[in-house]
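Notes follow in the order I looked things up.

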Amino acid sequence: MPITLTRNKALFAVILIMMAVLGRNIASQAADLSSANLPNPDSYYKLVILKDYTPETGFQFIARDNAPYGSWIHWSLPHTWTIWQLHRGLMAFGVEKEAALLWAGGGLTMLSMLLLALFLALAVANVGSPQAAIVSALALASSPPLFGYGQLVQITHHIFMLVPLAAAAACFLRREFRLSRWQDYIGGALLGLALWISPETMPLVLALAAMRAVIRLQHPLSGSVWPVAVGLLGILLIGWLVDPPPPTFTAWALDHISLSWLLFGGLLSCLLLHADSCVRRELPLLRSMQEQIFALVLAAMCWLLLVPDALSGPTGLIPDELRVLWYGQIKELKSVEWPSEWLAYLLLPLIAAVMLGCVAWQNRSLWMLVLAVSTLIYAVLGATHIRMGAAAAFISALAFSIGLSKIRAFISLHNSNTPLRE
């Protein structure tokens, strides 16, 4: 009797796949974590911040580059606070403090990998198929750039920041794009949370918000997108109030939630409201897209002109001290060099972008086109800045799995009438 693969069964299979992969990773790296043998200097910085916590002063985000004074660093609060709470839970079971901090940090990375795969599979199952949801987990599990940061010995935010983005994608990519205002609220709040965790998520936040906006234009019954704008701005304002830039950073610093990101959230919210306006005015789809693209270009120009030194790129928006100390020394900011790296960083994004682009053309789907173009952009970002590879793996797995689910040869694997080309 054939087994019918439902969405719930597919999600359970995804959990089993990721638990097997992560379990092997934990078994092979548990000794290194216990002895604090960590490959990334940022992991040690994170542990120092956690160990120096006091109820009176809170977390002191000072790296030890410039002893004895230190240099303020740019990490925001959510990842650090989450590790702190997990470590308190471990200590309640009798684990010694330093071991609790190590296992809380490594365990959070493992949990983030599991949640990333689960939310990604849910999004794919909603708009694709259960089979494609399982493929999404396999795509994540086989991604070298993703697992560069998704290891037990990585106590960093690079996987943690992708979890709210995957959850937002699951909120926006609903079955048949049914109306669900509360999911739009939550999705917008999750986009804001991702920006709060790290401004590196800016391109993905923009891509997911644009995808939701064009869904609104092409599928008006999916509901208004103003709740997305409200959720996004609300979380950014909370982050600005409780976690402002450190003392040596300007109010516009790119490397921390700042006025730069409040302005970005405000402009993005205006674009979402404009999409609602186009639907209310019952404009033809082509005219709506023309207005939306013009508004996007205008918003990008405003952000670049209003944010001081934005035209200089990231180096123009961080303190001079940090630029001298470490910016030019970070290997993660360099491009891929070896043929094996080009293959690891570009193969999945390029295949996913081309496949989903073709499917978008066949189905006349604007949101698929937005996702395909975003994946192509991330192929470039991941190849030119290695630290973007994990984010590129996430959006590539999403695009690849959705594109695959729309191909007839994948839908009907045993249909001999399917054209040989497919």
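**Helix pair H7 and H9.** I started with the axes of H7 and H9, which come within 11 Å and cross at roughly 5° in this predicted model. Angles under 35 degrees count as roughly parallel, so I logged H7 and H9 as roughly parallel to each other. Next I listed who makes the contact. From H7 I noted Leu-162, Leu-165, Ala-169 and Phe-172. From H9 I noted Leu-204, Val-205, Leu-208, Arg-212 and Ile-215. I then sorted the contact of H7 with H9 by class: 8 nonpolar residues, no polar ones and 1 charged.

**Arg-212.** I followed this residue further. Arg-212 sits in helix H9, which covers residues 202-218. Is Arg-212 buried or exposed? Its relative accessibility is 0%, so I put it down as buried. What does its side chain meet in a polar contact? I found the side chain of Asp-184, at 3.0 Å. I also checked contacts beyond four places in sequence. Arg-212 touches Phe-172, Arg-174, Asp-184, Ser-222, Gly-223, Ser-224, Val-225 and Val-228.

**Helix H8.** Asp-184 took me to H8, where it is one of the buried residues. H8 runs over residues 181-197, 17 residues in all. From first C-alpha to last I read 25 Å, close to the 24 Å expected at 1.5 Å a residue. Other buried residues of H8 include Gln-183, Gly-187, Gly-188, Leu-190, Leu-191 and Trp-196. Which helices do the buried residues of H8 pack against? I wrote down H3 (77-92), H7 (162-172), H9, H10 (226-242) and H11 (259-280).

**Pro-349.** I then moved to helix H14, residues 339-363, where Pro-349 lies. Its relative accessible area is 4%; the cut-off for buried is under 20%. Pro-349 therefore goes down as buried. Leaving out neighbours within four places in sequence, I found Pro-349 in contact with Thr-375, Ala-379 and Ser-396. I also checked Pro-349 against Ala-393. They are 44 residues apart in sequence, but their C-alpha atoms are 7.2 Å apart in space.

**Whole protein.** I closed with the totals. I counted 17 helices and 2 strands. Of the 422 residues, 52% count as buried.

Technical notes: Residues numbered from 1 in each chain as written. Predicted model: local features only at pLDDT ≥ 70, side-chain atom pairs only at ≥ 80, totals over all residues. Heavy atoms only, no water. Helix = DSSP H or I, 4+ residues; strand = E, 2+ residues; numbered from the N terminus. Buried < 20%, exposed > 50% of the residue type's maximum accessible area, 1.4 Å probe, protein only. Polar contact = N/O pair within 3.5 Å; in protein donor to acceptor, adjacent residues only side chain to side chain. Contact = heavy atoms within 4.5 Å. Expected span 1.5 Å × (residues − 1). Axes fitted to C-alpha atoms, helices over the stretch in contact; angles between N-to-C directions. Parallel < 35°, antiparallel > 145°, perpendicular 65-115°, else oblique. Nonpolar A, V, L, I, M, F, W, Y, C, P; charged D, E, K, R; others polar.
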